[in-house]
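Hello,

Please find the structure below. My notes on it follow.

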Amino acid sequence: YQVMPASVTVAGAAVSDTSAYVAYNNPAAIAFQPGLSAGISAANRFLLKELTQSSLFIHFPLRYFHTTFNLTHNGFALYHEWMAGLDFSRTFGPKLSIGFQFNRFSFYSASSRRYYSAFFPQLGMIYFPAPKWTIGFQVFNPLQTNIEQDEFLKHLPSVYQLGATYSVNESLVWRLQLSGEVHAGYECSSRFEY
């Protein structure tokens, strides 16, 4: 099961990436995009339609901040999940951006024939300490919100990510990221883009 907000990019190391926005990754990353933009993606690791994760985002740059609507879906008729997010981000000079996103997670269970939902925040930051370096940080569900019902507890992940990007030159970029989920441990990932 792919823990959201895991990116569908190579090695999942996208928390410090400002070149292309990925839905539910770092809410501060979109603040450096100058114009209206949108994107869709579909990830399917095992070629089963029931395991396909589809996402969509629409980005609107406004006068004082940027806003983005994110939507993702995965599952099938008997069990599926939806998540909608509204992101507000802003740059503070050419070196810093901060983003805040409100998320609503819902899932449908055929056994109870109803949807269960929860609201939680997501925070992000991008900083350019030097011309070739970018540092990114985000926290997804920092309040460790869960969905509690009489018959079950749905654990929603609390993910902390810290990453860096180093531009070796215009054609070669190296990304390094440390991700941790409060109840599942940590992972380190790295990728090169040429």
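**Cavities and salt bridges**

There are 2 cavities of 30 Å³ or more, a cavity being a set of points on a 1 Å grid over the protein atoms alone where a 1.4 Å probe fits but cannot get out; a volume is the space filled by probe spheres set on the points, which are joined across faces, edges and corners. This is a predicted model, in which local features need pLDDT of at least 70 and side-chain atom pairs count only at pLDDT 80 or more, while totals for chains, interfaces and linings use all residues. Residues are numbered from 1 along each chain as its sequence is written, and side-chain values use heavy atoms, with hydrogens and water left out.

The second largest cavity has a volume of about 30 Å³. Its lining residues (an atom within 4 Å of a point) include D17, Y21 and N25.

D17 also takes part in salt bridges (a side-chain nitrogen of Lys or Arg within 4 Å of a carboxyl oxygen of Asp or Glu), of which the structure holds 5. One joins R175 and D17, at 3.2 Å from N to O. R175 lies in strand β11 and D17 in the segment before β1, so this pair ties together parts 158 residues apart in sequence; strands are DSSP runs of E, at least two residues, numbered from the N terminus. R191 forms a salt bridge with D17 as well, with the closest N and O atoms 3.4 Å apart. D17 is buried at 5% relative accessible area, where buried means under 20% (1.4 Å probe, protein chains only). R175 is buried too, at 4%, and so is R191, at 6%.

Regards

Definitions and conventions:
On a 1 Å grid over the protein atoms alone, a cavity is a set of points where a 1.4 Å probe fits but cannot get out, and a pocket is an open set with protein on both sides within 12 Å along at least five of seven lines; lining residues have an atom within 4 Å of a point. Helices (H or I, at least four residues) and strands (E, at least two) are DSSP runs, numbered from the N terminus. Buried means under 20% relative accessible area, exposed over 50%, partly exposed in between (1.4 Å probe, protein chains only).
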